[in-house]
Amino acid sequence: MKKINEKLKKVFESKFLVKILYGIGLIVIILISFSAGVSVGFHRASFGRAWGDNYVRNFGITLEPPIFPKDNFPNAHGAIGKIIKIELPNVIVADRDNTERVIVVNNDTKIEKIRNNITSGDLKIDDFIVVIGSPNEQGQIEAKFIRVIPSPDSLLNNPQTK
Amino acid sequence: METKNSLKTAFNKLSYEPKENLSLDIWTRILKRKKQAIRFRLYAFSSLGIISLFSFVPVFKALFTEFAQSGFSDYLSLAFSNGSSLVVYWKDLALSLVESLPIFDVVLSFGIVLIFLISLRYVLKQIINNNNYVGQSYA
């Protein structure tokens with residue numbers, strides 16, 4: 001029995017086993033990172049496909065086809081940009097990656113400006129907003145939270161307002 | 001048989017005797033080769049370290065620009081300014097942050113830092129090895 005214990009101790013304290021454990025841990029981390037990347041990529045690609053397929057319905061017929069931003073897929077769970085059109089419950093935002101996004105505002109959407117809660121009726125064209133939401137099948141983002149912030153351009157022109 | 005015996009005797013008489021200081025010459029040669037290898041590695045890793053150090057500026061500049069342009073900083077500021085309100089929508093916020101993260105620039109930045117640190121480690125190792133071999137001779 002003592003011999004078996006000693007042998008077991010030798011095995012579990014061996015450097016070879018430690019290396020194997022490190023190797024397995026590394027493989028697990030790589031696989032988790034890979035699956036996270038696949039999941040996020042899938043969401044973005046799905047939204048990008050829906051956005052492209054519904055572009056004419058959402059924004060009307062244009063002479064030029066919609067162009068994806070530089071890394072090919074728009075963000076599916078948020079938008080940041082200036083409001084260019086308001087047709088409640090839809091608000092169209094020009095995102096930073098030069099794409100248009102339709103934000104769907106519903107009764108559950110929380111809208112804040114500075115420290116005050118406001119309603120969708122208080123949103124105005126040229127307001128700069130940050131939106132958190134979920135994508136839908138029509139290539140739109142159903143907003144859960146909207147924050148109206150000062151436009152970066154106005155901050156650059158008037159740094160004292162910071 | 002006689003020829004064989006006489007050949008055997010002749011070969012036994014021809015025993016090889018090494019020249020004087022042969023072992024010292026061999027040891028000196030080995031040390032010289034080791035010092036050359038250390039010096040080569042020192043220059044190679046130093047060059048790599050200097051190149052990576054100079055790359056810090058453009059890489060980190062691009063990283064900060066991408067962070068601002070992608071909107072990651074805006075989403076992150078939401079988390080700090082409206083943390084309590086956004087707890088309910090943590091999943092959407094997390095996905096917004098992940099989607100806006102400039103992965104390529106982050107990986108590049110970490111890569112440059114890693115290369116610099118590895119180069120620094122090997123340079124110090126070569127300096128220590130060089131100091132160990134300086135003045136060393138066959139005792």
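**Figure 1. A charge over a ring in chain B.** In this predicted model, the charged end of B:R121 sits over the ring of B:Y122, at 5.6 Å from the ring centre. The term applies when NZ of Lys or CZ of Arg is within 6 Å of the ring centre and within 35 degrees of the ring normal. B:Y122 itself is partly exposed, at 28% relative accessibility. For burial labels throughout these legends, buried means under 20% relative accessible area, exposed over 50%, and partly exposed in between, with a 1.4 Å probe and protein chains only.

A word on conventions before we move on. Residues are numbered from 1 along each chain as its sequence is written, and chains are lettered from A and ligands numbered from 1 in the order in which they are written. Because this is a predicted model, local features need pLDDT of at least 70, side-chain atom pairs count only at pLDDT 80 or more, and totals for chains, interfaces and linings use all residues, while side-chain values use heavy atoms, with hydrogens and water left out.

Figure 2. Over all chains, the structure holds 5 aromatic pairs. Rings of Phe, Tyr and Trp (its six-membered ring) pair if their centres lie within 6.5 Å; planes under 30 degrees apart count as stacked, over 60 as edge-to-face and the rest as tilted. One of these pairs is B:F45 with B:Y122, which is stacked, with 4.8 Å centre to centre and 15° between the planes. B:F45 belongs to helix α2 (residues 22-70) of chain B and B:Y122 to helix α6 (residues 103-133) of chain B, so this contact ties together parts that are 77 residues apart in sequence. Helices here are DSSP runs (H or I, at least four residues), as strands are (E, at least two), and both are numbered from the N terminus.

The rings of B:F56 and B:F116 have their planes at 65° and their centres 5.6 Å apart, so they make an edge-to-face pair. Again distant parts of the chain are linked: B:F56 is in helix α2 of chain B and B:F116 in helix α6 of chain B, 60 residues apart. B:F56 is partly exposed, with a relative accessible area of 22%. Ring pairs also link B:F56, B:F60, B:F64 and B:F116 into a cluster.

**Figure 3. A salt bridge between the chains.** The structure holds 7 salt bridges over all chains; the term stands for a side-chain nitrogen of Lys or Arg within 4 Å of a carboxyl oxygen of Asp or Glu. In one of them, B:D92 meets A:K144, with the closest N and O atoms 2.7 Å apart. The pair crosses between chains, from helix α5 (residues 90-100) of chain B, where B:D92 lies, to strand β7 (residues 141-149) of chain A, which holds A:K144. B:D92 is buried at 7% relative accessibility, whereas A:K144 is partly exposed at 27%.

**Figure 4. Salt bridges within chain A.** A:R49 and A:D53 meet in a salt bridge, with 3.5 Å from N to O. These two residues are 4 apart in helix α2 of chain A, so about one helical turn separates them. A:R49 is partly exposed, with a relative accessible area of 43%, and A:D53 is exposed at 55% relative accessibility. Elsewhere, A:R101 forms a salt bridge with A:D95, the closest N and O atoms being 3.3 Å apart. Here A:R101 is buried, with a relative accessible area of 1%, and A:D95 is buried too, at 11%.

**Figure 5. Strand partners in chain A.** Two strands pair if DSSP finds at least two bridges between them. Strand β4 (residues 110-113) of chain A runs parallel to β7(A), joined by 4 bridges, and A:K110 stands opposite A:F145 in β7(A). Another partner of β4(A) is strand β5 (residues 116-118) of chain A, which runs antiparallel and is joined by 3 bridges. There, A:I111 stands opposite A:I118 in β5(A). β4(A) and β5(A) form a hairpin with 2 residues between them, and A:I114 in the turn has a positive phi of about 55°.
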